[in-house]
Amino acid sequence: MPAPHSNRLEDALQRIFAGGKTTRASWFALTGGETLFAEGDPADTLYLLRSGRLGVFRQEHNHQPPQFVGVIRPGEPAGEMAMLAGTGHTADVVALRDCEVLALPREAFFEAARTEPDLMVELSRLMIQRARDRRSGGGEPSVFGFISARPAPIRAFVEQIAAAIRADDFTCKIIDQSALASAAEWFSRVEDTHDFVLYVAEMDEPAWAALCARQVDRVFAVGSGAIPPPNRPMPHAGVLDAQRRTDLLLLRDPSMARPANTGAWIDAIQPGRWFQAIDGNQADAERLARVVTGTAIGVVMSGGGARAYSHIGVLRALEEARVPIDFVGGSSMGAVIAAGPAMGWPLEELEHRIRKSFVESDPLSDLAFPMLAMTRAKKVDRLLNEAYGEMDLADLVKPFFAVSTNLTSGRIEVHRRGLMRRAMRASIAIPGLLPPIVIDGQVLVDGAVLKNLPTEVMRQMHSGPIIGVDMSQARGVDPELIQHPPSIWRLIVTGAWRRGPPIVSIMMRSATLTTDADLESSRAATDVLIQPRPDRLDIRDWKGFDLGVAAGYQAARDVLAKLDRPVTQLRRRQVTVDAPPETVAETAAGSPRPSEAEKPRPAAGRARKEKPPA
């Protein structure tokens, strides 16, 4: 049952909006995709949602899709904060599905509120709770659709996801085609009495698939990389498409070594995100369960030249603590390290490849007359080709992004598709040291120039906890080297010329510095901030692998030891206090009754299972 505060607010709002024969409230309907109000609109009305669901979206950047803020459910008000403050609305509120809404003019609300002394207190509680939800991941979607675009059934894998959700002490219900004839009230009752509801529609169930697309907060189009996408359009809801809330999930047979053909599916579906999984694989089902529940973990790695070896030490500490990595991205050398988990490489393989490519190869030793840069980048290009070949970013095992700086547009460039070796080459193209690279007519250089720790990009991808690994504070240039630079003969005799002259350190350090405001913004977007300090490691010292790894490992262990809960729980939403199971069993004629495993369980007093750190 709902919390007492929620009951008092809902009851008071019902009385105000009812108001007897003299009420000034009006009723209207919104179809899925319609906007209730937009950012900047005057807040002269209080709205009360009677049925359906509303989504709250905020436009963070002009060139980025709107950022999802939260869900408004039946019985909850909309627009109360701006109305009370007398300001314009600060976000767009859009119908996620067909809705019924009551509207009360601002003046009428304040008149009626005089008869409800507790109303303002309860509204204040709600506004504080919503502000907390935005920081903690509360108010996120709880109703998901899995709509098949492949001939093979998907129900079994959705069942695995649901089982993993329940194993994390959430309640979860699967609804399939047998509910097609159910009344709308039954769907609402099931959604209200479970933490998560998963609708599943097979490929040969078009009518049910169309209803699912209109009923959910977010939808997964489920396909297979082994076959081309279907020629016919997928069932969709306009608001989910417009707000980039359709995701792509490609299931592959265990005999299929790597994902493939993802680009064709992306072109056909136009998803906001895409995921890869092995059909029937328990670890992948658990990963998708974390995505659904908002407990998935994203790791973001900053640039830092040779000091970025510390990221490998961080990965080692996370692996020991059994912290899962579900999304990964980075800038400059951080992107190079982050690509390892995205490729599905074990930590030992990542270490081997980095040692071979950077410790043993002196990647920046092909010095050149500085027409565009101090090196030709031929060795770097060869190493990238050996590591990634013709791999497309979209075909990685886990969601990944790399960031570069677009000198043509003056903005950051986020790479999620296209040849991986070219995206990585752009992300590490330190100005003056490596020549820029041109992709689609855009001149691109090192991502750290504008965004050394791109945590805001990760926040656009998912709502769960973010671990940021920031090398910005680590000293990267030896003052002694600047005050007493070595002679060219000493560089040649000692072999230090392979690292380049001291100017290389200056260029690399300059490229990874950013403004205090930008750095604070990037760090604020993290839930766990790890700042290794390999101070004895020069930014161009590619031989200092062990020193960098050790610094990262120790820094990560120190931070994880101070956490009061597992990382996956840092943004965990509150478990609902559910209605008794009998209320869900009272289904409409022909509606499916939940199985024992799917019945909602009372949260109050429930003993929580102890889990290993995650």
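**Reading the cores, helices and sheet of a predicted model**

The largest nonpolar core has 55 residues. Those with the most contacts inside it are Tyr 309, Ile 354, Tyr 388, Phe 400, Met 420, Met 424 and Ile 467. The model is a predicted one.

Me: Now the helices. At what angle do α12 and α13 pack?

Reply: At about 145°, with the axes 10 Å apart. Helix α12 covers residues 333-343 and helix α13 covers 347-359. The crossing of α12 past α13 is right-handed. From α12, the contact uses Met 333, Val 336, Ile 337, Gly 340 and Pro 341. From α13 come Leu 350, Ile 354 and Phe 358. By class, that is seven nonpolar residues, one polar and no charged.

Me: Is Ala 317 buried or exposed?

Reply: Ala 317 counts as buried, because its relative accessibility is 3% and the cut-off for buried is under 20%. Ala 317 lies in helix α11, residues 310-320. Beyond its neighbours within four places in sequence, Ala 317 is in contact with Tyr 553, Ala 556, Arg 557 and Leu 560. Take Arg 557: Ala 317 and Arg 557 are 240 residues apart in sequence, yet 6.0 Å apart in space, C-alpha to C-alpha.

Me: How do I read a sheet, and what is the strand order in the open sheet of four strands?

Reply: Strands of a sheet pair through backbone hydrogen bonds, either parallel or antiparallel. In this open sheet the order is β1-β8-β3-β6, and the pairing is antiparallel.

Me: Which strands stand at the edges?

Reply: β1 (26-30) and β6 (77-78). Each has a single partner strand, so one side of each is left without a neighbour in the sheet.

Me: Over how many bridges do β3 and β8 pair?

Reply: Six, in the antiparallel sense. Strand β3 is residues 45-51 and strand β8 is residues 99-105. Leu 49 stands opposite Val 101 in β8. Helix α3 (residues 106-113) packs on the sheet and touches β3 and β8. The direction of α3 makes about 75° with that of β8.

Conventions. Residues numbered from 1 in each chain as written. Predicted model: local features only at pLDDT ≥ 70, side-chain atom pairs only at ≥ 80, totals over all residues. Heavy atoms only, no water. Helix = DSSP H or I, 4+ residues; strand = E, 2+ residues; numbered from the N terminus. Buried < 20%, exposed > 50% of the residue type's maximum accessible area, 1.4 Å probe, protein only. Contact = heavy atoms within 4.5 Å. Axes fitted to C-alpha atoms, helices over the stretch in contact; angles between N-to-C directions. Left-handed = near helix turned anticlockwise from the far one by under 90°. Nonpolar A, V, L, I, M, F, W, Y, C, P; charged D, E, K, R; others polar. Pairing = 2+ DSSP bridges. Core = buried A, V, L, I, M, F, W, Y, C linked by side-chain atoms within 4.5 Å.
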